[in-house]
Amino acid sequence: MGMFDFGHVLLLDLLSQLLVLLLIKSSHATELVSSQSRTDEVAGLLAFKRSSVELDPNNFLANWTANSSSPCSWVGLSCSLDGHVTALNLNNAGLIGSLHLPDLIAALPFLRHLSLQGNLFSAGNLSVSTATPCALEFLDLSSNNISDPLPSKSFTLFCDRLAYVNLSCNSIPSGTLHFGPSLLQLDLSRNRISDSTLLNYFLISCQNLIFLNFSDNKLAGRLEDTPMSCRNLSVLDLSYNLLSGEIPPGFIADSQSSLKHIDLSHNNFSGKFSSLDFGNCSNLTFLSLSTNMLSGGGFPTSMSNCEVLETLDLSHNELQLSIPGALLGRLKNLRQLSLAENQFFGYIPPELGQACGNLQKLDLSVNKLTGGLPLNFISCSSLESLKLGNNLLSGDFLTTVVSSLQNLKYLYVPFNNITGSVPLSLTNLTQIQVLDLSSNGFTGRIPSEFFSFSNPSNLQKLLLANNYLSGEVPSEIGNCKNLNVIDFSFNHLTGLIPREIWTLPNLSELIMWANNLTGEIPESICTNGSKLEMLILNNNRITGSIPQSIGSCTDMIWISLFSNQLSGEIPPSIGNLSNLAILQVGSNSLTGQIPPELGKCQSLVWLDLNSNNLAGYLPPEFADQAGLIVPGTVSGKQFAFVRTADEASCKGATAIVEFGGIRVERLENFLMDQSCSSIRIYSGKTIYTFVSNGSMIYINLAYNSLSGTIPDKFGSMSYLQVLILSHNKMTGNIPDALGGLKEIGVLDLSHNNLHGFIPASLGNLSFLSDFDVSNNNLSGLIPSRGQLSTFPASRYENNSGLCGVPLPPCGFPLPPCGSAGSSRNSFSLRKKQSLTEEMGFGVQFFITFSATFFISFLVAFFISIKMGVLL
């Protein structure tokens, strides 16, 4: 080796040693920088915890402590391989505080994913400075307590990598929300945004947005007739707002071809549907215009261009025409089609069947359609849900067409004109889960084959109410182990309720009222862990006693057994039913005392024990839950409130009845057959009008043998609407405390042995519309305040010591019975005429003033603003 070579090797060796020293120093310096960075992140996160989190009730951030060298092991954090925090996920942690976003972003320069969904953060500061580096790509602040307007210098503008933002389910009222080209998805749904200029800004300046959701806000006004500049927008959801006026004709046609999903449902759009232009709509797969006020007698011809459309929902509008089968038949990719609740008339066109190759859901209910389902619908082999209810359909299409739809799971054909026996061919529907044949003209027996076909365990709801079915309920129904709703009401069924029904493990609603069923309720009811929620067997011939084991039905919300032949005592175990809202056992032969344990029912709002043989005192415990009842258990149930003006000849007819699947004229005829005259029927859905601190609302204990005094505690039931204690043996004074019933509408204490004065406090009951204290031993001056002097004299008659308006003045003798001036004769006709009028006034009063007072003399929590009065 030469000298040059040796020197060269020595030089290389020195250089390699120098390089190693440099690498060691560099690595050490990097470790120092990285360690400092992690220390800064720990400090920044602890600062965020101090400034933004005021309460941590679940101790979620317990391991966020200052003695940690790295935050990567903390709850909710994720780090990169080199130890930097890249994701913070505190979803549903229950944290309460005021969110200061700038501090967090400044402390975590590598943070890409931030999700704080499902907490109670308010918006302390959501702005971001341009001087602060922001790596955020994903931000979810949904389901918090943000109620401030959005700041103009928000994170959406200065976080230039931000692609996904979710601010839904807050209370944001307005604001300015500018954003950059990186933003792809923005969800502002379920807030309180009312400024439509914010929406219009997004539609004009949406840059690269793919997804925009403004649903369930308070946006009002019109959509601007300005073409959207959203070249990439795929999903636009403006549903559940207050937008009105006509939808701009070119709103869809002028949109970019990227648009696939448009939801404008649940607004106040009006105008002619046929005026809309769909353009080529080449990529549109979802269109919902339901629950608006679109009208007209035609469809836009350009809709036939939407060849890839999969969902079309035009329900709940005012369209009035025959179904355009030729146009809709071209939409071969339809999976869901709803034309429900319009005014479509005529036959269902066969051409519509050409679109059903992929159709899974078809809803034509609540129209004026006639005839049946065309034969070519047999080809709808993918159909899973078919709703044809509330039309004028007839014929044998259930046998010829529907029974061939092997994949059908939900079949609704109530309120039509289908007659004959229940088709046995429906047993071919082996996947059926819900079968609703209510309110038709079916006759004959309930086929036992229904419950013996190849897969009866799929059946969950069987609704045959309001037909003319006869015979006994088949015991084979016990094969349907997943059955949770049975409604056979308003038929001519006889015999016992099969014991197999009582042991169905998933049964939640047993509704068989208005039949001729006999037998007893088994003592073993609910002893094996029942899920029963509704037991509605009124107007039958059920005998025996109410079993003590009914107290084991812990899910029960509605018991209706009135107008049967029950005897024995009311079991105290009913007091165990904390969810029970309605208890009706009137018009039976029950004896004994009213169990004070009923006062333990924490949800009880409706109690009807009228027309029995009950004796003993009136339990003051009824008022124990006053101010404690929370609404909810029977919300949304379909009901009818029935009242007769002639209670004497039709005792117990005043009642609330389950009303799903029943025609009102059938109920009217049923009551008339029972010699009930002057019937009024009020129908609707159950709605509570108190949010919290509620009380009982309806108490009817008339026509019993109750004695003792009226408890003072009854005056604490501040939401009580109806109190009927007439035709008993009550004694003592009318408690002055009843003046605390501020929302009472009906107070009937007639036909008792009450004495003393009418308390002046009753003059403060400003909503009282039906008051009767006749046939007692009351005396003194009728208070002149409030409503008391406005009732007819018949409401005070047969109290020898009462005087004052409307009776003769005090100090003047009453005219003898039978004379021309007798109050009994002069007001008897008026009483018969006025009661129904006053009842109608009471309901109209609620409809007119409910937005202000939320009361009704009937049942404030039951009758909705949309409730109808059915004569």
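Is Asn213 buried or exposed? Select Asn213 and take a look: Asn213 is buried, at a relative accessible area of 9% (buried means under 20% relative accessible area, exposed over 50%, partly exposed in between, with a 1.4 Å probe and protein chains only).

Before moving on, know that this is a predicted model, where local features need pLDDT of at least 70, side-chain atom pairs count only at pLDDT 80 or more, and totals for chains, interfaces and linings use all residues. Residues are numbered from 1 along each chain as its sequence is written, and side-chain values use heavy atoms, with hydrogens and water left out.

**Stop 1: around Asn213**

Asn213 sits in strand β10 (residues 211-213); helices (H or I, at least four residues) and strands (E, at least two) are DSSP runs, numbered from the N terminus. Show side chains, and you'll find a polar contact of 2.8 Å from the side chain of Asn213 to that of Ser215. Such a contact is a pair of N or O atoms within 3.5 Å; within protein, one must be able to donate a hydrogen and the other to accept it, and residues adjacent in sequence count only if both atoms are side-chain atoms. Setting aside neighbours within four places in sequence, Asn213 also has contacts (heavy atoms within 4.5 Å) with Leu186, Asp187, Leu188, Ser189 and Asp237.

**Stop 2: the cores**

Next, pick Phe299 and Leu411, the residues with the most contacts inside the largest nonpolar core, which has 207 residues. A nonpolar core is a set of buried Ala, Val, Leu, Ile, Met, Phe, Trp, Tyr and Cys residues joined through side-chain atoms within 4.5 Å. For a second, separate core of 38 residues, jump to Phe562, Ile656, Phe670 and Tyr688.

**Stop 3: the disulfides**

There are six disulfides in the structure, each a pair of cysteine sulfur atoms within 2.5 Å. Start with Cys356 and Cys380, joined S to S at 2.2 Å. The torsion about their S-S bond is about -95 degrees, so this disulfide is left-handed. The two cysteines are 24 residues apart, with Cys356 in the loop between β21 (345-347) and β22 (361-363) and Cys380 in the loop between β23 (368-371) and β24 (385-387).

Now go to Cys526 and Cys553, whose sulfur atoms are 1.9 Å apart. Here the torsion is about 100 degrees, so the disulfide is right-handed. Both Cys526 and Cys553 are buried.

Finish at Cys803 and Cys810, with sulfurs 1.8 Å apart. Cys803 is buried at 12% relative accessibility, whereas Cys810 is partly exposed at 39%.
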